[in-house]
Amino acid sequence: MNQENQAVEGYSKKAASPYKWEMVVDLDRCTGCEACVLACHAENNIRISGEEEAAQGRAINWIRIERYWEGEYPDVKAKFLPVMCQHCDDAPCEPVCPVYASYHTPEGLNAQVYNRCIGVRYCGNNCPYVARQFNWFDPHWDEPLAEQLNPDVTVRSGGVMEKCTFCVQRIRTGKETAEKEGRRVKDGDITPACVQSCPTSALIFGDANDPESRVAHLKNNGRGFHLLESLGTHPSVTYLRRLSE
Amino acid sequence: MTNKPTGWEEIPQINRDLLAPLQTTTWRYFLWVGILGCFVAAGLGAWTYQIQTGIGQTNLHHPIFWGSYIGSFVYWIGVSHSGTFISGVLRLTNAEWRRPVTRMAELMTMVALIVTALFIFYHLGRVWLFYYLIPYPNQRGIWPNFRSPLMWDATAILTYATASTIYIYLPLIPDFALARNRIQGWRKTVYRWLAMGWHGSQAQWYTLETAIRIITPLIVMVMISVHSIVGFDFGMALVPGWHSTIFAPYFVVGAVHSGLGMVVIGLYVLRKVYHLHDYVRTEHFEKIGQLMVVTTLLLAWLYFSEQLTVWYGKIPEHIAVQDSLLYGSYAVPFWFMVNCIYVLPLITLVWPRFRRWPLGLMIIGLFINIGMYMERMLIIVPPLGHPRLSFQWVDYFPSFIELTILTGTLALALLLYSLAIKFVPVISIWEEKFGRTHGQHH
């Protein structure tokens, strides 16, 4: 089952890398607490938008919890859906960028090259997951918040598109450590900030090429589906259906 | 000498009439230019402010990443089709009534293209890096991505700009030569240079007419390709409401529709200001009125096909966009637009008597252009505001800065046009003369 999860067409077939980074989101475990959102902000130097900009709909979140109401009052249920960049293997954002700012890494990551981005924002339109976020202004941190910026992550200027990177800085650290020790990256070596902070372990990250990894097991456990699967984007994020219904 | 008019005796009068705007300028003209200049300055100020502080001075917010600038871009590209369509297609079909209309329309093409290019720059998040879009060997080692419809677009517009510059220049050469002979001072030098040694020999006429005959079909094809590619910018995207094959033909016809409206406005205003009633006659308005009926019906047919397909298909994400137009948050602009560009032109222009009323036609031209402007906005905003993940649905209205830039740019277009008619005869003098002496009776 889930042939699409395995059959990674196009880019990754020519991939030089032994790794294929993927994430699993267990909707049955997500409580919508947004700890992941906070952790992501801290880790990735995401600009602080403030009340006014948030009201304008400009708050930048690389991961967000979408909340959908189901049923009629009084029998109403809130359903949570964490959405981040799906790191599609056939990413709609990539071909439309006129300056190659949005490109595919050999490891299947959908990378955004900030230096190249000139802000035409076509990628943002073409992302069906609305994962792409735009810096409408230069970033600003009130003192002393500027002191806590993560030195491993670029601070993005105004006019530049950005989005979830799967914490590429952590992936790189993990790979370098493994390389030094002359081994493959082990499952659990690399944890993106959102995964690390999730109190219910609803988020799981790992190398899908490693058949023993938790990601590889979970995404084939029968509950897996992809967000907007019919679009054929072949995302690297697999969602696991709720059990309760 | 017989008393039978041959057309030749009118030539001195034609020369005088049509060169007059180049030779005399009233205080009203300077006032008009001054007012436009103020608006342009305001727009320039707003743009400077936007560059200094950030593109966030617009009201754009995700997922509405494109807004009034791209809408205006599409609109102005459409206006630029007026010139090519009118003069290109009418030259091709040898329509005799084109003669007083072509130059005015071609000038619109030039002005609209300059303005169109500006909107690309307004829109960029980091406009100071615009040269990343230009394909030239560079130390960055990066070539632009020609898989992106935006690069197709840039290529098409550049081709169009080049081709239409040649296209407007060729029929200008004999007129430049006339201006060279008639106008003194520093401008004589400029005209002499532009006339490229034209002295009206048989060989020169032959070459010129051959060149025009060659470039005319080419420019019509370029025109169609350009707006098709602007349509592809949307049609190629995954966005619900954009992903449609009809965008290319729909955009081309829509462009001609708004272009014709603009030509009628231009004809009416220029005729009034420069007393060109002997040249721009009621029959010209009538012919354009007939063309406008055709474009109205064509556009309505394409629009109906698109909407019906969506409605019948009932794909939820597409229906969400359509519902927002038909009776949702965009219903008021949508129905206003439908009335402006389809209903109003149709119920008025089908009456032959109405088509012979220049003021009425000008008003319809205005409504068509207002409607087409809104139509361009409505193509962009509602689909972007209704992404498939409905948690992200949002609305948008342009900010004050955006509106200032839009107004300033409109003023710039009018200003450029006003300046151009002081430099270039608004009616092609030699073609008018040729029509009166050699053309079919009109």
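What follows is a working chat about a predicted model with chains A and B.

Reader: Let's start with chain B: how many helices and strands does it have?
Author: Chain B has 16 helices and zero strands.

Reader: And what radius of gyration would a compact globule of 442 residues have, next to that of chain B?
Author: A compact globule with 442 residues would have a radius of gyration near 22 Å, and chain B, at 23 Å, agrees with that. Along its principal axes, the C-alpha trace of chain B spans about 85 × 55 × 40 Å.

Reader: What share of its residues count as buried?
Author: Of the 442 residues of chain B, 46% count as buried. As for contacts in chain B between residues at least 6 apart in sequence, 81% of them join residues at least 24 apart.

Reader: Take helix α10 of chain B; what does it reach from its first C-alpha to its last?
Author: Helix α10 of chain B, residues 282-313, has 32 residues and reaches 46 Å, close to the 46 Å expected at 1.5 Å a residue. After α10(B) comes B:K314, with a positive phi near 55 degrees.

Reader: Which of its residues are buried, and what covers them?
Author: The buried residues in α10(B) are B:H284, B:F285, B:I288, B:G289, B:L291, B:M292, B:T295, B:T296 and B:L299. Their cover includes α4 (99-123), α9 (247-273), α12 (331-349), α13 (352-355) and α14 (358-385) of chain B.

Reader: Switching to the interface, how many residues of chain A are in contact with chain B?
Author: 36 residues of chain A are in contact with 34 residues of chain B. On the side of chain A that touches chain B, the elements giving two or more residues are β2 (63-70), α4 (122-126) and β6 (133-134) of chain A.

Reader: Which element gives the most, and how do the residues on that side divide?
Author: α4(A) gives the most, with four residues. The residues of the side of chain A that touches chain B divide into 21 nonpolar, nine polar and six charged.

Reader: Chain A has an open sheet too; what is the strand order?
Author: The open sheet has four strands in the order β8-β1-β10-β9 (chain A), and its pairing is mixed. Because β8 (203-207) and β9 (224-225) of chain A stand at the edges with a single partner strand each, one side of each is left without a neighbour in the sheet.

Reader: In which sense do β1 and β8 of chain A pair?
Author: Strand β1 (residues 21-26) of chain A pairs with β8(A) in the antiparallel sense, over five bridges. A:W21 has A:D207 in β8(A) as its bridge partner.

Key
Residues numbered from 1 in each chain as written. Chains lettered and ligands numbered in written order. Predicted model: local features only at pLDDT ≥ 70, side-chain atom pairs only at ≥ 80, totals over all residues. Pairing = 2+ DSSP bridges. Contact = placed C-beta atoms within 7 Å. Nonpolar A, V, L, I, M, F, W, Y, C, P; charged D, E, K, R; others polar. Expected span 1.5 Å × (residues − 1). Buried ≥ 20, exposed ≤ 12 C-beta atoms within 10 Å, placed from the backbone. Rg over C-alpha atoms; globule rule 2.2 N^0.38 Å.
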